[in-house]
Amino acid sequence: MSEAPGGYGALEAHLRARREAGAKLLVPYVTGGYDDEWLDVVRAVADAGADAVEIGIPFSDPVMDGPVIQEASEQALRRGTTPMSILTQLAALDAGIPLAVMLYYNTVFHMGHERFAAELVEAGVAGAIVPDLPLEEVGPWAEAADAAGVETVMLAAPTAPDERLPRICARARGFVYAVGLLGVTGERDALADSATIIAGRVKAVTDHPVLIGVGIGTAAQAVEASRVADGVVVGSALVRRLLEGAGPEGAGAFVGELRAALDP
C-alpha cells in the first residue's frame, strides 16, 4: 500500500483524519465468504458510514471468536471459502474506505510472511489483525508487513501490565485494538467496566487511534465506549443479523443506526 501523507499507512491516516474532524470511529466486522452477498454487505456498511471494515478470514479453530462468528466461519468454510478466495474477491472491490483483515497466525505462517503481505497489498487490504500473535512473537510478521506497507493492528488486553502497553503501542500500526473484556467475542447486556478502563490506559500512552472491540453490540454501548476511546469495532451483533438473513440492506441499516448515535 502507498504511504499516506504524514508517514502513516492508508488505514491509520484515514482514521486519524476522521478523528481530527471530530468523528468517533466505527469499524464493523464482516466474516468473509459466509454467503454470496458478503461483498455487497461490505459495500453497504461502507455506504452507511463505516470508517473502515474488518474482514474476517475464516479459520477452523478461531480462539478469540464466540459462537456467532464461529458459526459464520464454519458456514464460510463449508462453502469452500479460502484465504485466497477472499483476497481475490477483495481485489475487485472498491469500498471507498480502508479494509483490514482479521485472521489467525496459522494462515500467515502457512503462506509465508512476505508472500502473505504481498497478497494483502495485491488485494487492496491496508491492515491485518492477528490476535493469536503476541508482542513477543510478532516481529518477523510485522517487519514483513511494514516492508510491504501493511499495517499490523496490535491488541491490548485488560490484563496487560502498565509497562507492556507502551511497547504494544510502539509496535502498532493502523490503530490499537483495546480488548473490551476477557473471553471471546460476542454481545453482552452491558458494556464491561474493563472496556473503558483499558481504553483509558492505552489512550494515556499513545496517539494512535484507540478502538474498543469485543462486547459492543448496541448503539448505546458504542456511545458509552467512545466517551473514552476514539471509536469501536462491532462484530458479533452485525454477524448475528447477517446469519438471521438481514442481508446488505439490514447490515447497512444497523451500521447506519450506530453511525447516527456516534455522530455529534
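Two strands pair if DSSP finds at least two bridges between them; strands (E, at least two residues) and helices (H or I, at least four) are DSSP runs numbered from the N terminus. The model is predicted: local features need pLDDT of at least 70, side-chain atom pairs count only at pLDDT 80 or more, and totals for chains, interfaces and linings use all residues. Residues are numbered from 1 along each chain as its sequence is written, and side-chain values use heavy atoms, with hydrogens and water left out.

**Exercise 1.** Determine the pairing of strand β6 (residues 176-179) and β7.

*Solution.* 
1. The two strands pair in the parallel sense over four bridges.
2. A178 stands opposite I212 in β7.
3. V179 stands opposite G213 in β7.

**Exercise 2.** Determine how β6 is joined to strand β5 (residues 151-156).

*Solution.* 
1. β5 and β6 pair in the parallel sense over three bridges.
2. Within β6, Y177 is the bridge partner of L155.
3. Together with helix α8 (residues 165-171), β5 and β6 make a right-handed β-α-β unit; right-handed denotes a path from the first strand over the helix to the second that runs clockwise, with the strands pointing away from the viewer.
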